[in-house]
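I begin with a term that the first entry needs.

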Amino acid sequence: MKHLLQVYVRPYLNRIVLGLIIKFTGTIMDLFLPWILAYMIDTVIPEKNKEQLALWGLIMLGCSFLALAGNISANRRAAKVSGEIVEELRHDLFEKIMYLPGTQIDHLTKSALISRLTSDSYNVHNMLSRIQRLGVRAPILLLGGIVMTITLDLALASVLLCLLPVLGVIIWYVTSKGMPEYTRTQEALDGFVRLVREDIAGIRVIKALSKTEYEEKRFDYWNRQLVERERKAGMIMTVLNPAMNLILNLGLVLVIILGAYRVHTGTGEVGTILAFLTYFTIILTAMLSISKMFTIYSKGQASAERITQILKTEDERQLEEKRLADWAGEEKEPPVLDEGDMEAYVSSDNVSFSYHPGKPVLKNISFSLKKGETLGIIGETGAGKSTIVSLLLGFYAPDSGKILLGGEDIKDQSFGRLRQRVGVVFQNDTLFEGTIYDNIDLGRGLRKEQIDKAIRAAQAEEFVGEKGGQTQGLLNIRGANLSGGQKQRILIARALAAQPDILILDDSSSALDYQTDMRLREAIRKEYKNVTCILIAQRISSVRFADHILVLEEGQALGCGTHEELMAGCRVYRELYQIQTGREETDDLPSESARAKEEKGAGLL
């Protein structure tokens, strides 16, 4: 909360103060009205002075106008300022999330990040708006009403003063109990958002597998959790208004009884009693507003703490700044990538990694690629293939070992520069709503010639054609109006369009037929000959002709070499080949000339 006030509220402090001054003026005008009314009833009317009556009537009308204009103006200012503050807050929060390291995203979960951007930011907006609107008006009405009642009739005011400590204790107790419940409610909302996000994205799978009832039960569970926590928090906070109403109404009854007695005995006046009852109503309304403000503040503070947790998390930009500071301290220039053709352009040196301590996903993985070479990675599901991609892109840092690009450890390279050099298609990649051309360009400002070349190489020209940038080429969210093979080809075109130095295809041809897959690899080899490729696949046919093939099992490398070398020396690879091709002849392995003939027959040469 302190961070939010210092960083986001302080720049708007002058505008907030001006709005509060306007609100203060309007509220003071409201406070004068009952006093003027009492003066007119007790003094002016008995004198039957029409001029004085008209004068005080005009003064009362002027105070009413100033109160109305001041409150409307202040409320508008409060809405505008709070909107601008939260707009900036949401922008920074979104930007921070975009730069969070993979470990932090895994820890916080995507659903929690979504709820922080939506419901939490809304709660903060509501808090800032209400504090500006009620934070001055309600306390002034409360304190000013008390002061005015004391000046009118000290005996009647003593009834009110005796009630205030009781009201203060109630507010403190309810707020201290309610705020933790709102934090737990937001945590339940995280789980609810996660479930809805998963079910909406996988609605086709749910229908296809007839799992609608199962998902309804899961939804009911999280829905019930959210409702129960909201109800518990609401039940605590809703005690506040009835309790305050009860006490203040009891006080009002006592004031009426005491006031009637004083009027009857001649120690009090009708106008004074009427004004006192009006002030008492004003005080009651102010106390109710303050109680509502405490409820909104409790929600806002809980949400502000959740947002601050994200904003204070160290992101990739800060990690880079630390590296630059280390280089400056060592009087060392940041490394510059070598563009030349070197012995090991991309290499992994005994890399080990685990998402959770004590549960390694990769164990001592090593490989080496020259510029322009291709590495195929194959292995069963969960073997660690996609984790290698995440490490190459710097999403995670290895527990031990090094990954080198251009002879330099990727930990010593800028994240932005590193990822600009890499074109990647993830195993579960995303298409966005928009045209096909927009999805391939993705805001990078690529030339149309680059995009068209990538479309041809990705074998997507047949269905993209001239419609890629037109309304006919519009895609639904996640490319729902395309087949699996069409989506994969557009994603491959996106990865190729920027002409990357390294191309990573993570099981990105699984939906392509054999001939399209072969033509795709031939086009990449011909049109992007200097690109270093890393192909992750389930099918041996997709990696068979790679310069190097890495075989993974449970995070360990069982073998690394050419197809012929693995057929001769890696039992797991050989068995996988036999299963996928139906061949059992392993003694008579294809020679280099036979391999060339096979490639030519398949259309690769």
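A crossing of two helices is called right-handed if the near helix is turned clockwise from the far one by less than a right angle, and left-handed if anticlockwise. I note at the outset that this is a predicted model.

Entry: helix pair H2 and H11.
I looked up how helix H2 (residues 13–47) packs with helix H11 (residues 270–311), and I found an angle of about 165 degrees with the axes 7 Å apart. Angles over 145 degrees count as roughly antiparallel, and H2 and H11 are therefore roughly antiparallel to each other. I recorded the crossing of H2 and H11 as right-handed. From H2, the residues in this contact are Leu31, Pro34, Trp35, Leu37, Ala38, Ile41 and Asp42. From H11, I listed Val270, Gly271, Thr272, Leu274, Ala275, Thr278, Tyr279 and Ile282. Sorted by class, the contact of H2 with H11 has 11 nonpolar, three polar and one charged residues.

Entry: nonpolar cores.
Which members of the largest nonpolar core touch the most other members? I found Ile440, Ile455, Leu496, Leu503 and Tyr573, out of 44 residues in that core. Helix H18 (residues 484–497) gives the largest share of this core, with seven residues. Apart from this core I noted another, of 40 residues, including Val159, Leu160, Val174 and Ala302.

I then looked up the surroundings of Tyr573. Leaving out residues up to four places away in sequence, Tyr573 touches Ile378, Ile540, Arg544, Ile549, Val551, His563, Leu566 and Met567.

Entry: helix H16.
Which residues of helix H16 (residues 448–457) are buried? I recorded Gln450, Ile451, Asp452, Ala454, Ile455 and Ala457. The buried residues of H16 pack against helix H15 (436–441), helix H17 (461–464), H18 and helix H19 (514–527).

Entry: positive phi.
Most residues other than glycine have a negative phi, so I looked up exceptions. Just after H16, Gln459 takes a positive phi of about 60 degrees. Leu442 has a positive phi near 55 degrees, and I placed Leu442 in the loop between H15 and H16.

How values were computed. Residues numbered from 1 in each chain as written. Predicted model: local features only at pLDDT ≥ 70, side-chain atom pairs only at ≥ 80, totals over all residues. Heavy atoms only, no water. Core = buried A, V, L, I, M, F, W, Y, C linked by side-chain atoms within 4.5 Å. Buried < 20%, exposed > 50% of the residue type's maximum accessible area, 1.4 Å probe, protein only. Helix = DSSP H or I, 4+ residues; strand = E, 2+ residues; numbered from the N terminus. Contact = heavy atoms within 4.5 Å. Axes fitted to C-alpha atoms, helices over the stretch in contact; angles between N-to-C directions. Parallel < 35°, antiparallel > 145°, perpendicular 65-115°, else oblique. Nonpolar A, V, L, I, M, F, W, Y, C, P; charged D, E, K, R; others polar.
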